[in-house]
Amino acid sequence: GLTGTAYFDARWPQPEKKKKLQGYALYDNAIHEAARNTKAVLPTILDEQDSLFAAGEASNAALYCGWYSLAKYVDAFEWQQGAVAYHIASAECSTLKKKGSSVWCKRLLEDGVAATIGPVGEPYVQAFPFPQIFFGLLLDGDFTLVEAYSLSLPFISWKMVLVGDPLYQPFRTRGVLP
(Lines give C-alpha, C1' and ligand atoms only; values in the text may rest on other atoms or scores of the structure.)
Protein backbone atom coordinates (compact mmCIF):
# COMPACT_ATOMS: atom_id res chain seq x y z
CA GLY A 1 0.00 0.00 0.00
CA LEU A 2 0.91 3.61 -0.53
CA THR A 3 2.50 5.37 2.45
CA GLY A 4 3.75 8.88 3.00
CA THR A 5 2.32 12.32 3.64
CA ALA A 6 -0.76 13.89 2.05
CA TYR A 7 -0.40 17.53 1.01
CA PHE A 8 -3.38 19.77 0.36
CA ASP A 9 -2.91 23.33 -0.84
CA ALA A 10 -6.03 25.43 -0.27
CA ARG A 11 -5.86 29.17 -0.88
CA TRP A 12 -7.98 30.48 2.00
CA PRO A 13 -9.11 29.46 5.49
CA GLN A 14 -12.11 27.16 5.44
CA PRO A 15 -15.35 29.16 5.48
CA GLU A 16 -17.71 28.75 8.42
CA LYS A 17 -20.86 28.98 6.28
CA LYS A 18 -20.87 26.35 3.56
CA LYS A 19 -24.46 26.29 2.29
CA LYS A 20 -24.08 28.42 -0.86
CA LEU A 21 -20.47 27.88 -1.91
CA GLN A 22 -19.83 27.99 -5.64
CA GLY A 23 -16.89 27.99 -8.03
CA TYR A 24 -13.50 28.60 -6.47
CA ALA A 25 -14.86 28.76 -2.91
CA LEU A 26 -16.58 25.37 -3.38
CA TYR A 27 -13.36 23.71 -4.56
CA ASP A 28 -11.19 25.41 -1.95
CA ASN A 29 -13.58 24.04 0.69
CA ALA A 30 -13.38 20.61 -0.98
CA ILE A 31 -9.60 20.67 -0.54
CA HIS A 32 -10.10 21.44 3.17
CA GLU A 33 -12.56 18.53 3.46
CA ALA A 34 -10.16 16.17 1.68
CA ALA A 35 -7.42 17.12 4.15
CA ARG A 36 -9.75 16.63 7.11
CA ASN A 37 -10.81 13.18 5.89
CA THR A 38 -7.27 12.08 5.02
CA LYS A 39 -5.88 12.90 8.49
CA ALA A 40 -7.39 9.68 9.83
CA VAL A 41 -5.25 7.64 7.43
CA LEU A 42 -2.04 9.49 6.57
CA PRO A 43 -0.01 12.31 8.05
CA THR A 44 -1.60 15.34 6.38
CA ILE A 45 -0.42 18.88 5.80
CA LEU A 46 -2.96 21.52 4.82
CA ASP A 47 -1.69 24.88 3.61
CA GLU A 48 -4.36 27.56 3.54
CA GLN A 49 -2.14 30.44 2.49
CA ASP A 50 -2.39 32.13 -0.90
CA SER A 51 1.09 30.88 -1.85
CA LEU A 52 1.85 27.35 -3.02
CA PHE A 53 4.12 24.87 -1.30
CA ALA A 54 7.65 26.12 -1.94
CA ALA A 55 10.36 24.25 -3.83
CA GLY A 56 11.63 21.32 -1.75
CA GLU A 57 9.09 21.88 1.04
CA ALA A 58 7.03 18.68 0.74
CA SER A 59 8.99 15.50 1.43
CA ASN A 60 7.64 11.95 1.48
CA ALA A 61 4.61 12.99 -0.62
CA ALA A 62 2.01 10.31 -1.31
CA LEU A 63 -1.04 12.44 -2.18
CA TYR A 64 -1.44 16.02 -3.36
CA CYS A 65 -4.21 18.33 -4.42
CA GLY A 66 -3.89 22.07 -4.77
CA TRP A 67 -4.44 24.99 -7.07
CA TYR A 68 -3.96 27.57 -8.94
CA SER A 69 -0.63 28.00 -10.68
CA LEU A 70 -1.40 27.93 -14.38
CA ALA A 71 1.28 26.01 -16.31
CA LYS A 72 3.86 26.83 -13.63
CA TYR A 73 4.70 23.59 -11.85
CA VAL A 74 6.44 24.09 -8.52
CA ASP A 75 8.95 21.35 -7.70
CA ALA A 76 7.99 21.26 -4.03
CA PHE A 77 7.61 17.49 -3.68
CA GLU A 78 9.66 14.39 -3.05
CA TRP A 79 7.24 11.77 -4.38
CA GLN A 80 6.72 8.33 -2.90
CA GLN A 81 6.49 5.43 -5.34
CA GLY A 82 2.83 5.17 -6.37
CA ALA A 83 1.94 8.78 -5.49
CA VAL A 84 -1.33 10.26 -6.78
CA ALA A 85 -1.60 14.00 -7.33
CA TYR A 86 -3.50 16.65 -9.22
CA HIS A 87 -3.48 20.40 -9.52
CA ILE A 88 -6.68 22.33 -10.23
CA ALA A 89 -5.90 24.74 -13.06
CA SER A 90 -6.83 25.08 -16.72
CA ALA A 91 -5.02 23.17 -19.48
CA GLU A 92 -2.63 21.37 -17.11
CA CYS A 93 -2.68 18.26 -19.33
CA SER A 94 -2.49 20.14 -22.62
CA THR A 95 0.76 18.42 -23.46
CA LEU A 96 2.67 15.51 -22.05
CA LYS A 97 5.46 15.60 -24.64
CA LYS A 98 6.38 19.21 -25.35
CA LYS A 99 9.97 19.91 -24.26
CA GLY A 100 10.23 22.68 -21.73
CA SER A 101 6.53 22.61 -20.86
CA SER A 102 5.82 23.26 -17.20
CA VAL A 103 2.20 22.14 -17.08
CA TRP A 104 1.46 20.25 -13.89
CA CYS A 105 0.47 16.85 -15.34
CA LYS A 106 3.63 16.52 -17.42
CA ARG A 107 5.92 17.65 -14.62
CA LEU A 108 4.17 15.55 -11.94
CA LEU A 109 4.67 12.44 -14.08
CA GLU A 110 8.29 13.33 -14.86
CA ASP A 111 8.98 13.80 -11.15
CA GLY A 112 7.55 10.39 -10.21
CA VAL A 113 3.80 10.57 -9.66
CA ALA A 114 2.03 7.35 -10.70
CA ALA A 115 -1.32 8.99 -11.51
CA THR A 116 -2.65 12.47 -12.15
CA ILE A 117 -5.68 14.30 -13.49
CA GLY A 118 -5.83 17.39 -15.64
CA PRO A 119 -7.68 19.16 -18.43
CA VAL A 120 -6.56 19.51 -22.05
CA GLY A 121 -8.24 22.92 -22.32
CA GLU A 122 -10.47 25.20 -20.28
CA PRO A 123 -12.79 22.90 -18.31
CA TYR A 124 -13.92 25.50 -15.76
CA VAL A 125 -13.33 24.59 -12.15
CA GLN A 126 -16.63 22.72 -11.79
CA ALA A 127 -15.39 19.97 -14.15
CA PHE A 128 -12.66 18.79 -11.79
CA PRO A 129 -13.21 15.77 -9.54
CA PHE A 130 -14.15 16.83 -6.03
CA PRO A 131 -10.97 16.26 -3.97
CA GLN A 132 -12.74 14.98 -0.85
CA ILE A 133 -14.65 12.39 -2.90
CA PHE A 134 -11.73 11.36 -5.15
CA PHE A 135 -9.20 10.89 -2.35
CA GLY A 136 -11.85 9.46 -0.02
CA LEU A 137 -12.66 6.71 -2.51
CA LEU A 138 -8.98 5.94 -3.06
CA LEU A 139 -8.37 5.77 0.69
CA ASP A 140 -11.37 3.50 1.13
CA GLY A 141 -9.36 0.75 -0.55
CA ASP A 142 -12.29 -0.78 -2.44
CA PHE A 143 -12.10 1.45 -5.52
CA THR A 144 -9.67 1.53 -8.42
CA LEU A 145 -8.18 4.76 -9.70
CA VAL A 146 -10.65 4.97 -12.59
CA GLU A 147 -13.61 4.24 -10.29
CA ALA A 148 -12.54 6.94 -7.83
CA TYR A 149 -12.08 9.35 -10.73
CA SER A 150 -15.41 8.54 -12.40
CA LEU A 151 -17.42 8.65 -9.18
CA SER A 152 -15.90 11.98 -8.10
CA LEU A 153 -16.57 13.84 -11.37
CA PRO A 154 -19.46 16.29 -11.06
CA PHE A 155 -20.24 15.60 -14.73
CA ILE A 156 -18.55 13.96 -17.69
CA SER A 157 -16.26 16.50 -19.34
CA TRP A 158 -14.56 16.13 -22.67
CA LYS A 159 -11.72 18.24 -21.31
CA MET A 160 -10.61 16.12 -18.30
CA VAL A 161 -7.96 13.40 -18.56
CA LEU A 162 -6.93 10.71 -16.10
CA VAL A 163 -3.33 9.54 -16.57
CA GLY A 164 -2.33 6.35 -14.78
CA ASP A 165 -3.14 2.66 -14.52
CA PRO A 166 -6.96 2.61 -14.33
CA LEU A 167 -6.88 -0.51 -12.12
CA TYR A 168 -4.40 0.96 -9.62
CA GLN A 169 -5.59 0.65 -5.99
CA PRO A 170 -3.01 2.34 -3.77
CA PHE A 171 -4.84 1.45 -0.56
CA ARG A 172 -6.42 -1.88 -1.57
CA THR A 173 -4.92 -3.88 1.27
CA ARG A 174 -5.78 -1.35 3.92
CA GLY A 175 -9.53 -0.77 3.77
CA VAL A 176 -8.61 2.27 5.79
CA LEU A 177 -11.63 4.49 6.23
CA PRO A 178 -14.08 3.69 9.01
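In which helix do E110 and R107 both lie, and how many residues apart are they? They belong to helix α2 (residues 104-110) and sit 3 residues apart, about one turn of the helix.

## Before you start

This is a predicted model, where local features need pLDDT of at least 70, side-chain atom pairs count only at pLDDT 80 or more, and totals for chains, interfaces and linings use all residues. Residues are numbered from 1 along each chain as its sequence is written, and side-chain values use heavy atoms, with hydrogens and water left out. Helices (H or I, at least four residues) and strands (E, at least two) are DSSP runs, numbered from the N terminus.

## The sheet

Let us begin with the strands. Six of them form an open sheet in the order β2-β1-β3-β4-β5-β6, with mixed pairing; two strands pair if DSSP finds at least two bridges between them. At the edges are β2 (44-47) and β6 (160-163), each of which pairs on one side only. From one strand to the next, the twist averages 15°.

β1 and β2 run parallel and are joined by 4 bridges. Here D9 stands opposite D47 in β2. Helix α4 packs on the sheet, where it touches β4, β5 and β6, and its direction makes about 160° with that of β6. Such angles run from 0 to 180 degrees between N-to-C directions, with axes fitted as lines to C-alpha atoms, for helices over the stretch in contact.

A nonpolar core is a set of buried Ala, Val, Leu, Ile, Met, Phe, Trp, Tyr and Cys residues joined through side-chain atoms within 4.5 Å. Buried means under 20% relative accessible area, exposed over 50%, and partly exposed in between (1.4 Å probe, protein chains only). The largest such core has 35 residues, and L63, I88, F134 and F135 have the most contacts inside it. Among the elements that each supply at least two of its residues are β3 (58-67), β4 (77-88) and α3 (131-140). A second, separate core of 16 residues includes Y64, V74, F77 and L108.

Helix α3 is mostly covered, with 7 of its 10 residues buried. Its buried residues pack against β1, α1, β3, β4, β5 and α4. One of them is F135, which, apart from neighbours within four places in sequence, is in contact (heavy atoms within 4.5 Å) with F8, L63, Y64, C65, V84 and Y86. After α3 comes G141, whose phi is positive, near 90°.

## Aromatic pairs

Rings of Phe, Tyr and Trp (its six-membered ring) pair if their centres lie within 6.5 Å; planes under 30 degrees apart count as stacked, over 60 as edge-to-face and the rest as tilted. The whole structure holds 14 aromatic pairs. F77 and W79 are stacked, because their ring centres are 4.6 Å apart and their planes meet at 25°. Both of these residues are buried. F134 and F135 make an edge-to-face pair, 5.0 Å centre to centre with 75° between the planes.

Ring pairs also link Y7, F53, Y64, Y73, F77, W79 and W104 into a cluster.

## Salt bridges

A salt bridge is a side-chain nitrogen of Lys or Arg within 4 Å of a carboxyl oxygen of Asp or Glu, and the count comes to 5. Back in our opening pair, the closest N and O atoms of E110 and R107 are 2.9 Å apart. R107 also meets D111 in a salt bridge (3.4 Å, N to O). Shared partners join K106, R107, E110 and D111 into one network.

Elsewhere, D50 and R11 form a salt bridge at 3.7 Å, N to O. D50 lies in the loop between β2 and β3 and R11 in the loop between β1 and α1, 39 residues apart. D50 is exposed at 53% relative accessible area, whereas R11 counts as buried at 12%.
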